[in-house]
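Take a look at the model below.

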Amino acid sequence: MARIGVFVCHCGENISATVDCTKVAESIGKLKHVALSAEYKYMCSDPGQTLIKDAIREHNLTGVVVSACSPRMHEPTFRRACAEGGLNPFLCEMANLREHCSWVHEKNDLTTEKAIDIVRTQVEKVKLNHALQPIRVPVTKRALVIGGGIAGIQAALDIANTGHKVVMVERSPSIGGHMSQLSETFPTLDCSQCILTPRMVEVAQHPNITLYTYAEIESVEGFIGNFKVKVRKKAKSLDEKTCTGCGLCTTKCPQKKIPNEFEQGMGMRPAIYIPFPQAVPNKPVIDREHCTYYIKGKCKVCEIVCPTKAIRFDQPDEILDLDIGAIVIATGFDIKHADFFPEYGYGKYKDVIDGLQFERLASASGPTSGVIQRPSDGQVPKNIVFVACAGSRDPAKGIEYCSKICCMYTAKHAMLYKHKFHEGKAYIFYMDIRAGGKNYEEFVRRAIEEDHVDYVRGRISTIYEKNGKLIVKGADTLLGGQPVEISADMVVLATAGVANSGAEELAQKLHVSYDSHKFFAEAHPKLKPVETNTAGIFLAGACQNPKDIPDSVSQASGAAVKVAALFSQDELTREPLVAYVNRMAPPLYSTCVACGLCKPVCPYQAIESEEFKNREGKVIKKAAKINEGLCQGCGTCVAICRSKSIDLHGYSNNQVYAEVVALLNEY
Amino acid sequence: MKTGIYPGCSLNGSARDYNESVFALAEAFGLKLEQVADWNCCGATAAHNLNKDLSLALPARILSLAEQNGMDEIIVPCAACYNRLTVTQNELKRDPELKNRISEVIEMSYNGTSQIINVIEWIDKYIIPELEGKVIKPFDRKVACYYGCLLVRPYKVLGYDRPEDPQSMDIVMSKIGATPVYYPFKTECCGAGFSMSRTDIVANLSGKIIEDAESRSAEAIIVACPMCHSNLDMRRDDINKYWNKKFEIPVIFITQAVGLALGLSAEKVGLKRHFVDVNVG
């Protein structure tokens with residue numbers, strides 16, 4: 001005889017403001033098999049949980065229905081409470097009165113009626129629940145860090161320093177990311193390379209870190225603690241063991257006019273190249289798309305000059321199979337370029353550049369060795385207009401969000417320019433100055449007060465060229481919307497930060513969610529900012545949203561701790577809500593006829609086949625078998641099974657049927 | 001396909017030259033253009049500043065008349081009329097309730113079936129494909145194509161050309177032998193309706209448009225809007241006084257430029273009506 005306890009939560013006023021919770025509790029209390037129906041303001045709080053635990057013991061409950069919020073957040077909470085009360089945690093169900101009822105309806109009788117219906121379905125369902133035991137799976141204690149920018153570097157080093165193995169995969173030929181392109185960093189103006197390159201070297205030399213550059217994720221299967229990852233190591237056309245990194249090949253390559261990605265197109269590179277002098281690893285790769293040999297079938301100058309004969313033109317891509325326990329995504333971001341802005345000439349003016357290009361101009365290792373020169377004629381600009389919020393916070397451009405880093409780096413850019421060229425005049429057009437961060441506001445004040453950067457509050461409507469000057473037209477909204485026109489030598493656009501190319505594709509390979517701007521989505525905006533919705537996959541840095549260096553580094557360390565915590569256990573427990581094929585006594589063994597229909601529909605490759613043999617070892621029966629480790633409980637196999645031999649723990653056909661019948665019947 | 005024409009007030013008044021050149025082109029290519037019978041004012045700037053229903057009802061009546069006349073499309077040479085008609089068609093399409101209300105106001109049924117095209121679309125559709133061999137006097141000049149505000153904006157409603165850096169006139173002009181110059185003032189404001197009340201503002205703004213075109217060695221400014229034309233051409237004296245300069249660059253409707261390239265006479269395309277002498281073509 002079932003004895004069900006029902007606990008109706010008010011969720012503060014989230015539910016009780018529209019649903020008459022007392023009426024719900026009373027009506028449910030009258031149902032058959034309901035031993036107790038109680039209500040409380042915050043069921044997830046300690047007194048609320050105690051209420052459940054005590055009731056289980058007092059009324060000897062055989063099932064519990066918590067009528068509260070979506071199970072996403074608090075199902076584990078209440079299952080734990082039930083377990084502490086002495087009830088198998090899988091005999092607890094949640095009725096979602098918040099997202100499915102109170103938040104989406106007006107306050108009236110019908111809403112309360114619907115709430116009662118929702119609870120009734122779960123009461124009927126929980127009667128059919130079975131006690132289940134969690135599944136135990138081993139943990140592979142090796143982490144994968146995708147992306148070798150500052151976030152990836154920090155996460156990899158932190159994990160490696162806890163004693164665990166780390167594999168870092170970076171798609172470009174060197175680690176370092178955007179931070180290696182920066183000249184100085186705010187708010188201290190210390191040199192980016194000086195603080196970054198030692199960490200890059202540390203990654204390369206760390207005994208616990210295996211580094212694969214020029215490599216990309218091919219596929220990811222499996223689940224937390226047990227991922228199977230295929231990595232494509234793109235052919236560098238070079239034997240890395242033999243190559244000494246002398247760089248002779250890069251100086252002799254006849255192909256020299258390829259826009260240099262590291263210099264943001266402000267400089268050129270050969271087809272065999274080391275991206276920048278401090279690259280890690282400091283060995284070249286051949287860019288096959290631009291290499292004369294791969295295009296025309298002859299050249300091989302690099303092979304001829306190489307003193308160690310390290311060039312391998314026929315080297316194939318290599319696929320690595322890795323067993324991975326946890327994944328940190330640190331793939332970073334990109335920025336919009338000047339061609340995104342028709343009002344600023346679709347990128348056709350050479351002296352209208354973006355923020356990263358300015359970083360390269362200001363960098364001591366950049367194409368101009370740190371002298372700020374106009375790309376068009378090499379002259380030092382006598383004045384520069386900096387445009388903040390170029391694209392950001394602009395719904396008309398499809399980018400509603402704030403890119404967060406631009407206010408600070410624009411102030412930095414203006415300061416760097418003024419420090420290098422004292423007579424220069426720097427204007428910054430801005431919407432608001434968002435300098436929330438330690439010593440950030442002080443930094444901006446320094447730009448205004450000490451370096452006399454001219455901040456103009458207003459936006460730029462258009463930029464055009466006239467007599468070799470860039471005419472910048474805008475408005476000064478602090479002076480009554482007066483039109484402003486500046487004849488500038490150079491314009492720097494603080495363009496919006498956007499998701500990196502390939503982010504969407506990677507998210508799909510990893511089965512993690514992403515937002516409408518293709519940034520990776522966190523599991524909870526406040527309480528799980530480092531986790532993704534997929535267990536065992538974590539986020540670090542600007543792949544989640546534009547972030548500055550301190551934020552990226554903090555989050556990377558956060559992700560590393562999550563990984564370390566995971567690796568502190570030898571085994572993981574998983575929810576046993578998985579599919580199973582029925583088993584019967586011989587001679588039937590199972591109603592499954594091994595038709596195999598379930599196999600191709602399973603998105604997780606969790607279905608295997610099983611053979612039953614007699615004493616002579618002869619196969620007398622075949623049936624499907626579900627790998628509990630891989631099954632995610634989606635139920636697709638249940639739906640396709642013709643002989644109804646597969647069912648799902650926790651969501652059996654009978655349970656769903658009971659829910660439907662409950663809705664159809666009057667009570 | 002029956003093509004109608006809605007002239008609006010200016011093509012019968014200050015922009016008769018524009019009207020004459022449109023019909024001259026139609027005649028040269030054997031295109032029929034029937035005027036929308038019993039047409040009324042499009043409401044211009046005045047109506048939508050005063051009363052939204054009025055600003056929709058006036059163009060709606062014109063569109064209804066066009067439907068009654070069985071016109072599949074109507075060419076609207078005036079950029080302001082083109083804008084008002086298209087905005088109305090768009091709003092009534094979006095909001096069926098509004099459409100019914102406006103239908104009641106004008107006491108006519110309105111379906112929104114007549115397609116509205118501007119003069120450049122008309123040239124693109126009917127004249128450019130037939131152009132081969134007909135350009136006997138190529139318009140071999142540097143020109144600045146000036147689009148103004150109403151022809152390409154708002155993009156979400158008109159969906160025509162690029163709002164920041166439009167190209168359609170430049171393309172037509174290059175097809176008749178002209179060389180369009182790089183011209184960033186394509187969509188800058190000419191002063192528009194301030195022509196009457198604050199001529200000094202028009203003199204300033206239109207002056208900038210002219211000054212930039214001249215400085216880029218353009219030999220003519222090409223327009224497709226009566227308002228732009230009157231501000232740049234008729235107000236030239238005011239502009240010259242304001243700027244203390246003597247700007248001489250002529251302002252030519254695109255239909256006139258195409259007509260000249262076909263070998264039509266200056267008189268035929270209405271060039272004699274200009275305030276600034278036209279010595280090109």
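Helix H14 (residues 254-261) of chain B is mostly covered, with eight of its eight residues buried. Helices here are DSSP runs of H or I with at least four residues, strands are E runs of at least two, and both are numbered from the N terminus. Buried means that 20 or more other C-beta atoms lie within 10 Å of the residue's own; exposed means 12 or fewer, partly exposed is in between, and C-beta atoms are placed from the backbone. The buried residues of H14(B) include Ile254(B), Val258(B) and Leu260(B). Their cover includes helices H2 (16-28), H7 (119-127) and H9 (168-175) of chain B. Strands E7 (220-223) and E8 (251-253) of chain B also contribute. Just after H14(B), Gly263(B) takes a positive phi of about 95°.

This is a predicted model: local features need pLDDT of at least 70, side-chain atom pairs count only at pLDDT 80 or more, and totals for chains, interfaces and linings use all residues. Residues are numbered from 1 along each chain as its sequence is written, while chains are lettered from A and ligands numbered from 1 in the order in which they are written.

Now turn to chain A. Ser172(A) sits in the loop between strand E7 (165-169) and strand E8 (184-185) of chain A. Why is Ser172(A) partly exposed? Because 18 other C-beta atoms lie within 10 Å. Beyond its neighbours within four places in sequence, Ser172(A) is in contact (C-beta atoms, placed from the backbone, within 7 Å) with Thr213(A) and Pro275(A).

Finally, the chains meet. Chain B gives four residues to the contact and chain A gives five.

Technical notes. Contact = placed C-beta atoms within 7 Å.
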